[in-house]
Structures are given as structure tokens and as C-alpha cells.
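Here is a short report on one protein chain. Look at the sequence and the model first, then read on.

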Amino acid sequence: MNVHEYQAKALLKEYGVPILRGKVANTALDAVKIAQEIGGALWAVKAQIHAGGRGKAGGVVMAKSVEEVDHAAEKLIGSYLVTHQTKAQGQKVNCVYIEAGCSIAQEFYLSLVVDRSQSRVAIVLSAMGGMNIEEVAAQTPEKITTLLIDPAVGFEAFQGRKAAATLGLSGSAASQLGNLLKALYKTFIDLDLTLIEVNPLILTQQGDLVVADAKMTFDDNSLFRHPEIEKLRDEAEEDAAELEAMRQGLSYVKLEGNIGCMVNGAGLAMATMDIIKLHGAEPANFLDVGGGATQEKVSTAFKLILADSHVKAILINIFGGIMHCDIIAEGIVAAAKEVSLTVPMVVRLQGTNQELGQKILDQSGLKVIFAKDLGEAAQKAVQSLKGAV
């Protein structure tokens with residue numbers, strides 16, 4: 001689960017992380033009032049969406065007067081911001097974050113992320129922070145440093161000193177960085193995070209380190225321990241189909257292809273998507289109905305696939321174990337009675353109640369293309385896009 005910048009900064013502030021004064025505004029009038037409350041002669045007006053690249057896309061505006069704050073907020077609120085991390089139509093901006101400006105001496109990149117290959121939390125640092133960090137990673141990866149934290153020991157002082165040396169900081173700034181990293185690590189562990197990204201981390205002209213932007217990603221599986229965090233979820237920022245799937249206990253991720261997939265088991269779902277690509281097409285989704293899905297869940301899953309206008313064919317790949325093939329078949333038939341099935345459907349059923357499942361589909365009146373194995377199923381699904389089946 002992701003949260004907005006203003007929400008992430010509020011959480012970081014509770015852990016003693018230095019941030020600039022700021023407040024969220026839902027209207028241009030609110031934005032002006034907040035700017036006046038903050039005071040000063042420079043403010044940042046920041047679009048609040050769950051996507052990076054806001055600065056390059058015009059979603060972060062520096063204002064030198066309250067009139068400019070008003071103009072920027074009026075322009076951003078209600079608009080659709082297109083960045084390299086949004087869909088083509090962009091993401092609607094429902095609010096802006098008004099933040100005090102500061103004098104920048106240097107910008108750095110800093111993040112904490114789970115390194116699954118090392119079973120460690122990794123601190124990622126670069127002295128080349130700012131809007132072009134993706135280019136730095138792609139073109140000069142040697143300018144990015146990674147430090148691993150031993151979970152049995154936690155963050156240690158020497159790692160703070162090493163991080164400071166990496167960024168070229170000394171004296172008070174080096175000490176501040178050590179304290180900042182310690183606070184960020186505690187936040188990361190306490191809140192069950194999978195990512196904290198600070199870009200940029202600013203060194204001001206006065207020699208202070210300040211978190212100028214913050215992104216947080218929470219482990220969905222841990223949210224039962226953090227009901228106060230779950231309340232921060234902004235459903236407007238999430239895909240409607242993925243949200244409905246989550247409510248129904250289904251694992252669904254929308255993709256950009258045109259072959260809808262329904263599979264039981266995450267590993268089998270990944271293999272199904274791979275073999276579709278091997279045959280020259282693209283999967284429209286990842287959808288795992290799980291091992292103990294009911295007819296109602298299967299029906300919901302089928303409707304989710306059909307609700308995607310990009311889907312031009314469906315591949316159902318079920319290996320019946322705990323999940324019985326007849327349950328899948330009944331769910332498909334139930335959904336098809338409510339939603340018109342106008343695209344080809346390839347079905348591969350294998351395992352428990354396989355014959356019964358095939359019989360249910362045979363007698364349903366639905367146009368089903370059966371396949372004996374996964375390779376044949378993927379081949380037929382791809383061929384059906386061209387009308388060859």
C-alpha cells in the first residue's frame with residue numbers, strides 16, 4: 001500500500017525526521033491560507049498522486065508569492081498529471097501539498113528498501129539526487145552506493161559515518177545524516193515498510209539536512225497490525241479492478257496485454273503469463289483465484305477479466321488440487337449468465353474433478369476451446385486473437 005507525500009511526512013515527523021513546514025490543501029483558497037500561515041517568501045506547491053516524476057511533469061511548482069500559490073493550486077487541483085509512472089491518461093490530482101521553500105546547497109538521493117536476495121534492509125545512497133536519479137542509475141550506476149543492515153544488530157553508527165563519507169558530508173551534516181538514517185530505519189521496521197524513498201534529501205545553505213520529498217510503501221500483509229495506517233489508503237489512487245479483487249480476496253494485477261488469465265496458484269499464474277509471451281502475445285492481467293476459492297469468487301474473477309476492454313481472449317489454466325475443476329467451471333458459467341461473453345475462451349483443466357468440470361462447460365452452451373496442456377492452451381489463446389481457432 002502506498003500513501004501520499006504529506007501522509008508519509010506526517011509519519012516521519014513522529015519519528016523525529018526533519019521535514020519542512022507544510023500542509024495539504026483541497027482547494028486553491030485553502031492553499032493560499034496555508035501559504036500565509038507558513039509565512040516566508042517561497043513555497044512549493046506539490047500535486048499529491050501516487051507516482052514519481054511529478055517534478056518533470058509540472059506537478060511541483062515553486063511559488064514566490066501567494067498569488068503564484070493560488071495560480072499553481074488552481075491549475076493543478078482537478079487536473080490529470082501524466083508522469084512516467086502513470087497510465088497514459090494520467091492520474092487525477094485531488095489535492096496539493098503546500099510546503100515552505102528553502103535554500104538548497106546540495107541534493108542527495110536516499111532510500112531504504114528490502115533486499116530480498118540478501119534478506120536485509122538496504123540503504124541506497126547517491127550524491128546525484130534529484131529529478132534525474134533514473135538516468136544516474138542507468139548511465140552511472142557506480143555513483144549509487146548500497147549499505148546492508150544486519151537485522152540481528154540493526155543500524156550501527158559506523159554505517160552512518162560510511163554513508164556520510166559516500167555523500168561527501170562532514171561535521172554537523174555527517175552527524176545529522178547518522179541520526180536521520182537511524183530514525184528512518186526505526187520507522188521502516190516499526191511500520192512494516194518495504195520502501196522509504198527520499199528524493200531529494202536536501203542540504204540547506206545553513207548546513208541542515210531536510211527531507212524534501214518522501215514516498216512510503218507498506219507491506220499489505222502487515223496492515224492488520226496497523227489499522228491506523230490502513231486508514232490512510234486513498235482508493236482513488238488505486239485501480240478499481242484491483243481494489244475490487246482485494247475486497248474479494250483475489251490476487252489481481254492489471255497489465256497491458258490482451259489475453260486475460262485466470263489461474264490457481266501464483267507460480268502457475270507466472271508460468272502462464274510467461275508462456276503467453278513465449279507465443280508472441282501479452283497477458284492482460286495476473287489473476288490467482290487461490291486454492292480454496294468458492295464459486296462466487298471464481299465468478300467475480302471472471303467478471304473482472306471481462307470488464308477489461310483490452311481483453312480479446314481468455315485463457316483459463318487450472319490445476320485441480322485443493323481447487324476443484326468443477327468449482328471453476330460453475331463459477332465461469334454463473335458469471336457468463338450475467339456478462340455477455342464475446343471473446344474466445346481457452347480452457348485447460350487438469351486434476352481433481354477434471355471430467356466433471358469439462359462436462360459442466362460442455363453443457364453450458366458457452367463456446368469453449370479446450371486444451372490438453374499449458375503449451376497447447378497458450379498457443380490456442382494466441383491463435384484465437386487472429387481468428388485462427
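The largest nonpolar core of this predicted model has 41 residues. A nonpolar core is a set of buried Ala, Val, Leu, Ile, Met, Phe, Trp, Tyr and Cys residues joined through side-chain atoms within 4.5 Å. Buried means under 20% relative accessible area, exposed over 50%, and partly exposed in between (1.4 Å probe, protein chains only). Leu110, Ile123, Leu169, Leu177, Leu201, Met216 and Phe218 have the most contacts inside the core. Helix 6 (residues 171-190) gives the most to it, with nine residues. A second, separate core has 32 residues, including Leu304, Met323, Ile328 and Ile360.

Local features need pLDDT of at least 70, side-chain atom pairs count only at pLDDT 80 or more, and totals for chains, interfaces and linings use all residues. Residues are numbered from 1 along each chain as its sequence is written, and side-chain values use heavy atoms, with hydrogens and water left out.

What does Leu110 touch? Beyond its neighbours within four places in sequence, Leu110 is in contact (heavy atoms within 4.5 Å) with Ile123, Val124, Leu125, Leu180, Leu181, Leu184, Ile196, Glu197, Val198 and Leu201.

Helices (H or I, at least four residues) and strands (E, at least two) are DSSP runs, numbered from the N terminus. The chain has 13 helices and 18 strands. Of its 389 residues, 48% count as buried. Its C-alpha atoms fill a box of roughly 75 × 50 × 40 Å along the principal axes.

Helix 6 has 20 residues. Among the buried residues of helix 6 are Leu177, Leu180, Leu181, Leu184 and Phe188.

Asp192 lies in the loop between helix 6 and strand 10. Its phi is positive, about 55°, although Asp192 is not a glycine. Ser119 also has a positive phi of about 55°, and sits in the loop between strand 7 and strand 8 (120-126). Most residues other than glycine have a negative phi, and most peptide bonds are trans. Is each residue buried or exposed? Asp192 is buried, with a relative accessible area of 18%. Ser119 counts as exposed because its relative accessibility is 55%.

Two pockets come next. A pocket is an open set of points on a 1 Å grid over the protein atoms alone, where a 1.4 Å probe fits, with protein on both sides within 12 Å along at least five of seven lines; lining residues have an atom within 4 Å of a point. Volume is the space filled by probe spheres set on the points, which are joined across faces, edges and corners.

| Largest | about 1100 Å³ | Arg233, Glu237, Glu238, Asp239, Glu242 |

The largest pocket is lined by 31 residues. Strand 5 (91-92), helix 8 (240-247) and strand 13 (251-254) each give two or more of them. Strand 10 supplies its largest share, five residues.

Pro200 lies in strand 10. A cis peptide bond joins Asn199 and Pro200, with omega about 10°.

Thr217 is in strand 12. Leaving aside neighbours within four places in sequence, Thr217 is in contact with Met1, Asn2, Leu193, Thr194 and Leu195.

Technical notes. Expected span 1.5 Å × (residues − 1).
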